[in-house]
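Hi everyone, thanks for coming.

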Amino acid sequence: MYGKGILKGLSVTWKRFWDTYTEDISWILRGRKRYNTDEGIRHRSSKDTKGIFTVQYPEEQLILPEEVRYIPFLVYNVDADGKREVLCTSCGICAKVCPPQCIWIVRSNDPVTGRPVPEPTEFYIDADICMNCGFCAEYCPFDAIKMDHDFDIASYGRNIYNMEKLLKPSSYYESIRPQNFKIEAEARKAKESAKAAKAEAAAA
Amino acid sequence: MATAPFDTASPVRTPLQTQTVDLVARFPGIVAADARPGYTGFIVNKENLVEVATAVRDELGFDLLTAVTGVDYIAENKMEVVYHAYKTTGGAGLVFKVQVERVDPIEVPSLINIWAGVDFQEREAWDLYGIKFTGHPDLRRILMWEGFEGHPLRKDWKEPFFEEETKPFKSRWPEGKHTFSEQKNPFRDNLNFPQNFDPDKYVVDKEEDLYVSLERYTTKDVEGNMKTDHIVVNMGPHHPSTHGVLRVAVTLDGETIIGLKPVMGYLHRNHDKIGERNTYLQNIPFTDRLDYFNSMSNNFGYAITVEKLMKIQVAERAEYIRVIMAELSRVQNHLIFIGMLMNDLGAMYTPSLYTFKERELILDVFEAVSGARMMCNYFRFGGVVRDIPDDVLHKIKGLVSERLPAKADEMERFLNENEILVARLKNIHVLNAEDAIRYSVTGPVLRAAGVPYDLRRADPYSIYDRFDFDVAVRHNGDMMDNYLIRFDEIRQSLRILEQALKQIPQGPINSQKPAYQVRVPAGEAYGRIESPKGELGFYVVSNGKPNPYRYHVRPASFVNLTAVEKMCVGTKIADFVALLAMLDIVMGELDR
């Protein structure tokens, strides 16, 4: 019969339409919220999702996986008396590895000794050119530059980020990437204790 | 099962790969072996190129010419054209080269009468290197605009806002005071214009050449018939069906296409030149932007090419991760293809959103492992950047074993018997096997024409020789077959994925220490993979420095598009949109 295939196809559309409402009703009957909750969003992006699966941005937002990378930032620690300790040593590896060459670092010399100051004097990232590849964070030997999760940054002008804009506390880094932070902290600890043991052995 | 991190014994290569051809014995005095360290293949005398190429095709059976690459050896004052020929029955290829003095006019005989698929690639070499292919019927610029001055891939050509020959640029550190390049160079004084160029008076006079090239197909007026004029219709560059900024000039006789020429380059950014300025590592995120639907496959192709040059092994677990990612990428690419084809046929939105829904779940996986949905930047030389977390592996297993097979079935139920779809696709001829091979078409379009040529089987790379799967092939070569073969390939990919997920061992994910600058010994390598759209090849020449000397991409979309003229002439204009969709082109890869 001509038109059978179309009807068969329409049954799929009809089923999808139907699923959207049965799914909603079943969530309500189970006393759960399908919309505007983490549980609901997670279910909508799982393999079991049925019916409508749109996430209504910006009212709802997808839960970002930890590895999401968007525009780098610089990490600083806050020490006991509230002073900022910038982890960056201006070694320049991030500027060298950057594929579009959007990282600019000014390293200055100590006026007394003439040797380079570890902390960068200025650090720019041209966020319009940055391609979010994450190489800077990957190859930084000091865990000083990390990729951010903040993606709503549309603006009317050029986005040249300077030190002030780029610096974020390590507590922020921990909040967006808890697992990576844990692994790195452990690695640092192990390295320090190994160093201490070595120093002890050398002293003894 | 505990496996050694990377055991050297396991990759069993097919005997096909070891076959060698001795062209020197066949053509003494005409052909010489390429003796430069790290190089392979043969150097052919320019005068005898056509003779040797004919023999390579007819006597030796290398029927598929995949890549034509120009290389500028400025220090030796030579231009080189490299040809990579393969057999559609599988196995290793044959590389032959022609060297000419680097003095204009640089002339090399065209091979268009032997392999029609060299058409666009020769035009590309003319455009970017200024190598004139004598005997080519339509040697015009292809990627640059008609009034462009110079040949940008030549080593002595510098782009506007040129800073330094190679990255990293010295101005970035340690005195990296940020400046805008447009302020540094306000008059763009290294941008070249033709002599006496006046933008106010410029008219695209070369446009005539394009229309003249269409005249090859003019039909003769039959006596007694009404005399009609042919009309030229320009589709694109802003046309919803051309998948981006592709322009196609079509000559019509009524509704029938009698001549057709694609015009491209609107998205051209000279990827090859950027690649030569970059270091090897810096190229990986740039390959993401070629075929932006399949960044995982692009990474794969580039990584295996550089690994070939570096002669390093890939960590065992990483091999499996690579295959898993590449096959997931193939599944989602074919899902987009199906959705977009329906859009082109006029079934707006519903089918394409259904397929995009499944694709979204795969992109979630990519995002969780690599940090980005589309620009993955996930592969490194010797492995991958980070391991797959267990919960993501679990999600992939769920998708592969439960959701995707069921959804492929559902899509087939939804569409395949639809009478309108069948009427639009069935018995509309795309390409037959001979033409597909002659035009160097690869990928699903070639397989739908009845040629079971899949690099995963024909010339296995990575660990594809360990999996049990069939090469999807269909025999009618019509649009319906081209459409259905995508479903077959999704199913085969899911088969590979199931096996890979079962076999994946524990272990390190990179055989190399992380290094931001890799040492690549001098030499050349051509690496190719079966990307979802066809053969994706990378030709990389190293001179031992941190940047590649020559970096050339052989994109599947670009070479497949060579056949579009052959496919469409004689069909109705309404079918053109669907025929173009069959080639599954992506402008990021086509224009580079």
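Let's start between the chains: in this predicted model, 38 residues of chain A are in contact with 42 residues of chain B. Which parts of chain A do the touching? Five elements each supply at least two residues to that side: the helices α1 (4-29), α3 (93-97) and α4 (135-139), plus the strands β3 (103-106) and β4 (122-126). Of these, α1(A) gives the most, with six residues. If you think in side-chain classes, this side of chain A has 20 nonpolar, ten polar and eight charged residues.

Now let's zoom in on one helix pair. The axes of α1(A) and α11(B), residues 390-415, come within 6 Å and cross at roughly 135°, so the two helices are oblique to each other. On the α1(A) side, the contact is made by Lys8(A), Gly9(A) and Val12(A), and α11(B) brings Glu410(B), Arg413(B), Phe414(B) and Leu415(B). By class, that gives three nonpolar, one polar and three charged residues.

Next, let's look inside chain B. Chain B is divided into domain 1 (20-134) and domain 2 (271-590), and 27 Å separate the centres of these domains, taken over C-alpha atoms. Their contact takes 22 residues from domain 1 and 25 residues from domain 2.

On the domain 1 side, β3 (64-73), β4 (78-86) and α3 (118-129) of chain B each supply at least two residues. Here β3(B) gives the most, with six residues. The residues on this side of domain 1 divide into eleven nonpolar, nine polar and two charged.

Methods:
Residues numbered from 1 in each chain as written. Chains lettered and ligands numbered in written order. Predicted model: local features only at pLDDT ≥ 70, side-chain atom pairs only at ≥ 80, totals over all residues. Contact = placed C-beta atoms within 7 Å. Helix = DSSP H or I, 4+ residues; strand = E, 2+ residues; numbered from the N terminus. Nonpolar A, V, L, I, M, F, W, Y, C, P; charged D, E, K, R; others polar. Axes fitted to C-alpha atoms, helices over the stretch in contact; angles between N-to-C directions. Parallel < 35°, antiparallel > 145°, perpendicular 65-115°, else oblique. Domains from an automatic or database assignment.
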